[in-house]
Amino acid sequence: MDSLIVGIIAIMCVSVVIQAWLVYGFAKRVRRPQGVLLSDDQCPKAAVILCLRGGDPFLSRCIDALLAQKYPRYKVFFVVDHPSDPSDSILRAVLARHEKNNFEIQYLNDPLETCSLKCSSILQAYKSVDEQTEFIAQLDADTVCHQTWLRELATALDDESVGAVTGNRWYSPDSQSIGALVRHVWNAAAIVQMTWYRIAWGGSLAIKTSAIKQAQLDTKWASALCEDTMLTEQLGSIGKRVEFVPGLLMVNREDCTVRTFMPWENRSEPLAVGPHSPHPKNSPATTSSSRVSPCTPSAMTRSVTSAR
């Protein structure tokens, strides 16, 4: 019995040391100074895909921040779950305040039966991207990006060995509830592991279109539950890597209770999500989760291009 206890304690001590070493390495990486960003002339043409479902409380700020990017050439593709979805009215209200016309609104049309709804949405938007576009960026409805977000993605992608660039989410809610603290600690630990294993996060992500074609990611997404976690392996097969950029960590101020933490944690696990869920046409959606189930089958098949 004594030897068993000693063994357990030894394992725990080794685990603590390993985790401490990983955290120390992560902290050093985050503290690295940012390099010089690309100039306007150096910035390649970009496309941004935002999949929407539900009235996320941060959606308006997300859209405002996305259209305020200090980037010379980019187009935003909004893929809305359904015309009756709460996100559609929020989206149009926000767009009405802007003078820019570098966006396109689409409704999910004929989602594939072989993949998740988010993958179907990404593939639909990807087909609309022109040949001059050199990389595709993605973010979630609760991601409020800073003005140089797109330029920082492009700068990191300028490395020939890099196929995709990613940030992550850092929960820092204004409230000090127990649920918010639990999620903050859970997420902080997860970020360290994701960084060391080069696991991409779709809430702040960019992929070279050449890498998508070379690795045939569109084919892979057509039979996948999650579009981001596969990138390390798939890009590695063509000699490219996923690069984590500390400046692309997105602060999230959303509160959380202990009761709502577990459903959130389950939504964060790709394998916990079925490929399809019916759209609540007769009842309003109460949450938005472009990370998990951004779009669902729609009876409407029209695509609307803004001409403002």
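The model is predicted, so local features need pLDDT of at least 70, side-chain atom pairs count only at pLDDT 80 or more, and totals for chains, interfaces and linings use all residues. Residues are numbered from 1 along each chain as its sequence is written, and side-chain values use heavy atoms, leaving out hydrogens and water.

**Overview**

- The protein has ten helices and eight strands. Helices (H or I, at least four residues) and strands (E, at least two) are DSSP runs, numbered from the N terminus.
- Of the 308 residues in the protein, 49% are buried. Buried means under 20% relative accessible area, exposed means over 50%, and partly exposed lies in between (1.4 Å probe, protein chains only).
- A contact means heavy atoms within 4.5 Å. Among contacts between residues at least 6 apart in sequence, 82% join residues at least 24 apart.

- Two strands pair if DSSP finds at least two bridges between them.
- Strand β1 (residues 46–52) pairs with β2 in the parallel sense, over seven bridges. In β2, A47 has K75 as its bridge partner, and I49 has F77.
- β1 also runs parallel to β4, joined by four bridges. Here A46 stands opposite F135 of β4.
- β2 and strand β3 (residues 103–107) are parallel too, with five bridges. V80 stands opposite Y107 in β3.

**Crossovers**

- β1, helix α2 (residues 59–67) and β2 form a right-handed β-α-β unit. Right-handed means that, with the strands pointing away from the viewer, the path from the first strand over the helix to the second runs clockwise.
- β2, helix α3 (residues 86–95) and β3 form a right-handed β-α-β unit as well.

**Buried strands and helices**

- Seven of the seven residues of β1 are buried, so this strand is largely enclosed by the rest of the structure.
- In a regular strand, side chains alternate between the two faces of the sheet. From β1, A46, V48, L50 and L52 point one way, while A47, I49 and C51 point the other way, and all are buried.
- Strand β2 (residues 74–80) is mostly covered, with six of its seven residues buried.
- In α2, the buried residues are L59, C62, I63, A65, L66 and L67. Their cover includes β1, β2, α3, β4 (135–139) and α5.
- Helix α5 (residues 149–157) has eight of its nine residues buried, so it is largely enclosed by the rest of the structure. Those buried residues are W149, L150, R151, E152, L153, A154, A156 and L157.

**Nonpolar cores**

- A nonpolar core is a set of buried Ala, Val, Leu, Ile, Met, Phe, Trp, Tyr and Cys residues joined through side-chain atoms within 4.5 Å.
- The largest core holds 42 residues; V48, F78, F135, W149 and L150 touch the most other members.
- A second, separate core has 28 residues, including V129, I136, L217 and V242.
- Setting aside neighbours within four places in sequence, L150 is in contact with A46, V48, Q69, Y71, Y74, F135 and A137.

**An exposed loop residue**

- G239 lies in the loop between α9 (231–236) and β7 (241–252).
- With a relative accessible area of 57%, G239 is exposed.
- G239 and A215 are 24 residues apart in sequence, and their C-alpha atoms are 9.8 Å apart in space.

**Cysteines**

- A disulfide is a covalent bond between the sulfur atoms of two cysteines. The rule used here asks for a pair of cysteine sulfur atoms within 2.5 Å. By this rule the count is zero.
- C62 is in no disulfide, and the nearest cysteine sulfur, that of C145, is 6.4 Å away. C62 counts as buried, at 0% relative accessibility.
- C115 is in no disulfide either; the nearest cysteine sulfur belongs to C119, 5.3 Å away. C115 counts as buried at 1% relative accessibility.
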